[in-house]
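Here are some notes for a colleague who has the model open and would like a guided reading. The points are numbered so that each can be checked separately against the coordinates.

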Amino acid sequence: MRSLSFMRVSIWVYLAIFFAYLLGPLVIMSITAFNSPEFPRATPWECLTFEWFAALFQDERILNGIKNSILVGAGTVVLSVAMGLAGALMLTQIWPKLRATYYTIIIAPILIPGVVIGISTLVFWDRINRMVGLGADSFLSNGLFLTVIGQSTFIASYCMLVLVARLQRYDTALTEAALDLGATHAQAFRKVLLPFMKPAIASAAVLAFLASFENYNTTTFTFGEYPTLTIELAQKVRYGITPAISALAFIIVVLTVFAALFNEANIRRKDLVAMARKDATVEELESGKFRVPGFLSSNWAAVALVVMACATVVVVGTATVYSPAQCIADVQEQKRIETELRIQELRQRRAEEAARKAAEEAETAPKPQAAPSGNNSGFGGVFSPNALTGSGEEEESKAPEAEDSNNSGFGNVFAPSGLSGD
Amino acid sequence: MPRFLREFFNRNGVGMGSLMLALVLFWTVGLIILPQLSMLDFSFRPNLPPPEIGGPKDVYTVENYKYLIFGPEGGSQDYNAVDLRVFYRTLIAAVFVTLFNLVLCYPIAYYLAQTKGNHIRIFALMLIIPYWINEILRAFALRIIFGETGVLNNALVGLGIFDTPFDFIRNDIALYAGLGYAYILLMIFPIYNVIESLDRNQIEAARDMGASWPMIHRRVVIPYAKPGISSGCTMVFMLSAGALAAPQILGGPSSLWFTQLIYQQFNDNSDWPQGAAYAVVLLVTCILLVLAVMRLFKVNMGDIGK
Amino acid sequence: MSAGVGVDLEKLWIRFGDFVAVRDANVKINGGDFFSFLGPSGCGKTTILRAVSGFLEPSEGRVLIGGNDMKGIGPNKRPTALIFQNLALFPLMKVWENITFSMEIKGASAKDRRKRADELLDMIALPGQGDKLPSELSGGQRQRVAIARALCAEPDVLLLDEPLSALDLKLRQHMRTELREIQQRVGITFIYITHDQGEALTMSDNIAVMRAGVIDQIGDGKTVYNDPSTAFAASFVGENNVFRGKVKQVSGDTALISTNRSGDLLARISTANQGKMQPGDDAMLFIRPEAFALAPAGASGDHFVTATVTNEEFEGNVFNIFMEGDGGKELKVSLPNLGQSFDSHKGEAMTLQYDVQNAVALPAGELATE
């Protein structure tokens, strides 16, 4: 017994660590979206601010990226689902001897590295472009076209897997019955097979869109003049990080959670309705007096959904009226005080040094004290990166702030006549 | 018309049948087979500016492949040590990440598969949600955490474990953590699927006979879960070796990934044939390794389906 | 009853690679008939049905419906409607939508369709059930919906693929009568395939007995039962006692068969084999269980077999008496239950008398296996 509960505890601990690893980064990133410093940090927490969200909506490149992502996504969904469906249907009908080879070919794109797919797409269609004789501006070298093609190559494989699973449960006698009753093949497909496949097609479409939206490896070679959101993000993340990215991530997380809850609520509701229908009697069904269970009844996901929706409304409402200016001013004031304190200390120490040195110098010739960084501005070492805080990267964004706020009270401290002992 | 073609059109109608055939052929031949062949062919050509392509200078050559191994002609080294080392490291790292992932995810998959209850659905949801977030953003989140002023460093310094912030990025720890993080779902689900179909009674019978848990796993569960395990490992390995975003965002200057070399060839050097050659090398190596593993563990392609 | 549309199979051969599923079938089905193909599983009856409905093109020969060659005409263009063995009701459509599917294809309005659906629902005795889903109906109800759906397409020929095999006994018997009634009321040609000879006999105007792709005999129920053309037909349709032997003598339409274990017995040669049996041929003699009359041992008579009672069974409408004749020959006799008192004669030797007209001599051939 003891070993059993020990195991259970260790399992729970393991799970806890695991989920912390999995979800931790997201939580932290969400926090940085609301924190005021310009470099995303969760600690120390300075001010609650919504400015990064505002910055997000004003960023041209991001908005353009979103537009392209949606265009590419739409194209990819259509092409992938169509090819996946055709591939799935073919798989069920193909000559058994050929089946294994065929299956290997259509599964292969999942295993081929995304970069390879991107490159091969680029190279191939470029060559076709040249063979057909079109110029560099042609449709075939359009970034949107190439990206849709490249992504669909492997996303269709995923779609096919989803569709085949459903297709295997289909009774071909249904198509035959439709034909027998006079339907053309197109009608049989449209009226019998397609409705049956609808749930799987919907899943495949959602899957395709999400996979397309977040694809990087392949898109990074094919996007041409039409960067998707993912590409823009990658550029930003590599070359200029701001919490606006965290803000975007946070929005996506919230949307995802919404979608997941919505999905759960839907499933649960369908189950409830089906169960109620089974229990109902024929008269209830016919007379239309059939009472459908309420939207929220025994449906935790729906409740959570509603709660989240309310919370979102509240937060957005607050955001529009809330201004962090006061808080930021406070923080800056705080910083100013700290900095002044430090400068005082520094000044004191230098005075002591100078005094000591003067005492020494009485014996030796005075040496010119070059500013540590060879700085001609006369500000001495005060503006050098290491003086104020210890971090390298963020100083690029800190220094401008310090310079800009000259009118907020740092004033005389940095006046040329101030510190330098040179 | 050959008989099977006639039967095909009988079954599906001429219109629908043609559409189906067209889509499937476009996909298999036009999108899968031909581009790969084209890339292969391209990798054997010299890097010519557009006007000269197809002209007299456009001959087949192995120079792109030679470059990978021997470096630039007339160069100072005998072997292209830099690129070769990157290639080698990428593969080793991918293997390492795969194993790490396997060890990490196997218990989770097992737990999810063998326990019942409503909380399982919530767990599954919690597992899936991070994956609907862009991989760039996930890498970004880790970058924030592992950065010099990130949460991790702040915590470590604050607790006094380190005096100065530890450079996770330069030491590749961030990268490995990032890669491990990225493909957890792909490792869990195949294993989960397989273990779920394992009859609980087998395990209980083993316990009845006095087997210890490690033994049960080794002799009962793992052999049964082989297809799922190899499926997950294959996918994680291929994706790690071919990863681009994580190395670009989380990698330090010394941890260049082979895919980054390819990227450089295409974007920075504009040497498409060279990049194509590298891509072919990557592809072939990955395929060979995967085939070897499949052979070793006696699984086949049909098992790799989610 | 209207004239109806006839179906003809001319020299029909259907092959799958090397395997011959249907061998030289020649059948003439009259318009308005209830025609059954009777045979064990795998005999090719389903294949013929699929060839008539258009899902299969014959390798050789022709299928004619109403005198028109159906070659190259797909199933959606033939004037046939098929009722599948598993019914194939569209699971996502309501009952009324299922029934009027053929109208929907032609573009009829929802109002018209609803009206017609109600009419048909009344006809199949399921009034008001139109809004249900097929999954919400019982087996027998689904059966009737399938029939209504097929009839709504107003076919000239209705094809039924073992539609009753999934139902329980009582329901099956009930549906037999109903199907026959519907057919006679609507007047269209029914082609019915089954392995249950009871169904074939009770419902059909004519029956084709099939075995391994070959049609052994075509005729009405009484002919097939009383005057089988082959050993297979004799043993498959109903129960039969079979005596193996050789032809000793032929005179007119009778033959004297020298049986292996029961002596020389005289029998009538089946009509299809008149003039074809010669002395010395291997032959089989068939006598139905109900054709025997039991008499005490030693009783005289023109045609008889001696045997001892081994077992007795009461089956409700008949008494079955199992006997063992000379050399271990097993025999079965059935006596109708007329309310007579029945004493057990177990272990007793008895005489089994029969009328020559009730004994059929046939060339030796393959028998139906159990």
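**Notes on the predicted model**

1. The strands concerned are β1 of chain C, spanning residues 7-16, and β4 of chain C, spanning residues 60-65, which run antiparallel and are joined by five bridges. Both belong to an open sheet of four strands in chain C, whose order is β2-β1-β4-β5 and whose pairing is antiparallel. At the edges of this sheet lie β2 (19-29) and β5 (68-69) of chain C, each of which pairs on one side only.

2. Chain C also meets chain A, and here 17 residues of chain C are in contact with 17 residues of chain A. On the chain C side, the elements that give two or more residues are β6 (80-83) and α3 (101-106) of chain C, and the largest share, three residues, comes from α3(C). Sorted by class, the side of chain C that touches chain A has eleven nonpolar, five polar and one charged residues.

3. Turning to chain A itself, the secondary structure consists of 15 helices with zero strands. Of its 422 residues, 31% count as buried. When contacts in chain A with a separation of 6 or more are considered, 75% of them are accounted for by residues 24 or more positions apart.

4. Which residues of helix α2 (residues 51-58) of chain A are buried? They include A:Trp52, A:Phe53 and A:Leu56. These three residues are on the same side of α2(A) because they cover an arc of only 100 degrees around the axis.

5. In chain B the division is into domain 1, covering 1-43, and domain 2, covering 62-303. How many residues of each domain take part in the contact between them? Four residues of domain 1 of chain B are in contact with seven residues of domain 2 of chain B. By class, the side of domain 1 of chain B that touches domain 2 of chain B has three nonpolar residues and one polar residue, with no charged residues.

Key:
Residues are numbered from 1 along each chain as its sequence is written. Chains are lettered from A and ligands numbered from 1 in the order in which they are written. This is a predicted model: local features need pLDDT of at least 70, side-chain atom pairs count only at pLDDT 80 or more; totals for chains, interfaces and linings use all residues. Domain bounds come from an automatic or database domain assignment. Two residues are in contact if their C-beta atoms, placed from the backbone, lie within 7 Å. Ala, Val, Leu, Ile, Met, Phe, Trp, Tyr, Cys and Pro count as nonpolar, Asp, Glu, Lys and Arg as charged, and the others, Gly among them, as polar. A residue is buried if 20 or more other C-beta atoms lie within 10 Å of its own, exposed if 12 or fewer, and partly exposed in between; C-beta atoms are placed from the backbone. Two strands pair if DSSP finds at least two bridges between them. The arc is that of the directions from the helix axis to the C-beta atoms.
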